[in-house]
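Reader: Could you take me through the side-chain contacts and the packing in this model?

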Amino acid sequence: MLKNACTFISSPLRRFSFGADTSSYKCIALKLQLAQYISDIYKDGVRVFYCVCEQGVDLWAAEIIIRIMKDDPTTKLYCVIPYEEQAAKWDTDTRELYYTVLAESTEVVFLNKRYKKGCIAKAYSAVLECADKVFAALVGKSENEILKWPCMKGKEVFCCLGRLPVGADKS
């Protein structure tokens, strides 16, 4: 685990109340919270980021980090991609953003050639293992279960939807 490294975990966009409607005020609020969090930890010295580049929060975070990298070459973005065809069925704009992020990131690691059951979970496990800070945007009843692992491992978890996960109140 790297000190001062951050990763992102998120529910799929379809699970959020706004779905894929990125013009929704709820989506805009989430994006603003994400940007503020990245800005805050960057000011605190975080320069290493890990991302799975799934649609939504992951990809939005990567986009913000790429912008930071243009002004600060000490900032690094490592993309851990579950499988090579991850973006094949995404809409054109999202797919273009994905390929731009991959092209401009520090390093890209593909875990599988094709989709395999559990490959997305493995990618999230890999990035969670690498970072000591976690931005979590999770909805649904499995939120506490998903966050138990990083909390038990002593990671600093920022839960952006206002709910404090089990074990995260250790500060």
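**Contacts and packing**

Author: A search of the whole structure finds six salt bridges, a salt bridge being a side-chain nitrogen of Lys or Arg within 4 Å of a carboxyl oxygen of Asp or Glu. This is a predicted model, in which local features need pLDDT of at least 70 and side-chain atom pairs count only at pLDDT 80 or more, while totals for chains, interfaces and linings use all residues. Residues are numbered from 1 along each chain as its sequence is written, and side-chain values use heavy atoms, with hydrogens and water left out.

Reader: Which residue does glutamate 63 meet in a salt bridge?

Author: Glutamate 63 meets arginine 67, with 4.0 Å from N to O. The two residues are four apart in helix α2 (residues 57-71), and so are separated by about one helical turn. Helices here are DSSP runs of H or I with at least four residues, strands are runs of E with at least two, and both are numbered from the N terminus.

Reader: What does lysine 70 pair with?

Author: Lysine 70 forms a salt bridge with glutamate 104, at 3.0 Å from N to O. Because glutamate 104 lies in helix α3 and lysine 70 in helix α2, the pair ties together parts that are 34 residues apart in sequence. Lysine 70 is exposed, with a relative accessible area of 58%, whereas glutamate 104 is partly exposed at 32%.

Reader: At what angle do α2 and α3 pack?

Author: The angle is about 45 degrees, and the axes are 10 Å apart. Axes are lines fitted to C-alpha atoms, for helices over the stretch in contact, and angles run from 0 to 180 degrees between N-to-C directions. That makes α2 oblique to α3; angles under 35 degrees count as roughly parallel, over 145 as roughly antiparallel, 65 to 115 as roughly perpendicular and the rest as oblique.

Reader: Left-handed or right-handed crossing?

Author: The crossing of α2 and α3 is left-handed, a term used if the near helix is turned anticlockwise from the far one by less than a right angle, with clockwise giving right-handed.

Reader: What about the salt bridge of lysine 133?

Author: Lysine 133 meets aspartate 132 at 3.4 Å, N to O. Lysine 133 is buried, with a relative accessible area of 10%, and aspartate 132 also counts as buried at 10%.

Reader: Switching to rings, how many aromatic pairs are there?

Author: The structure holds 10 aromatic pairs. Rings of Phe, Tyr and Trp (its six-membered ring) pair if their centres lie within 6.5 Å; planes under 30 degrees apart count as stacked, over 60 as edge-to-face and the rest as tilted. One of the pairs joins tyrosine 83 and tyrosine 115, edge-to-face, with 5.4 Å centre to centre and 80 degrees between the planes.

Reader: Where do tyrosine 83 and tyrosine 115 lie?

Author: Tyrosine 83 is in the loop between β3 (76-81) and α3 (92-104), and tyrosine 115 is in the loop between β4 (107-110) and α4 (119-130). The pair thus links distant parts of the chain, 32 residues apart. Tyrosine 83 counts as buried, at 14% relative accessibility.

Reader: Why is the pair of tyrosine 98 and tyrosine 99 called edge-to-face?

Author: The ring centres of tyrosine 98 and tyrosine 99 are 5.1 Å apart and their planes stand at 75 degrees, so the pair is edge-to-face. Tyrosine 98 is buried at 1% relative accessible area, whereas tyrosine 99 counts as partly exposed at 42%.

Reader: Which residues make up an aromatic cluster?

Author: Phe8, Tyr37, Phe49, Phe135 and Phe158 form one cluster.

Reader: Which ring does arginine 47 lie over?

Author: Arginine 47 lies over the face of tyrosine 42, 3.7 Å from the ring centre. Lysine 31 lies over the face of tryptophan 60, at 4.7 Å from the ring centre. The criterion is NZ of Lys or CZ of Arg within 6 Å of the ring centre and within 35 degrees of the ring normal.

Reader: Finally, in what order do the elements of the chain run?

Author: From the N terminus on, they run β-α-β-α-β-α-β-α-β-α-β, and the secondary structure comes to five helices and six strands. Of the 171 residues, 46% count as buried.

Key. Buried < 20%, exposed > 50% of the residue type's maximum accessible area, 1.4 Å probe, protein only.
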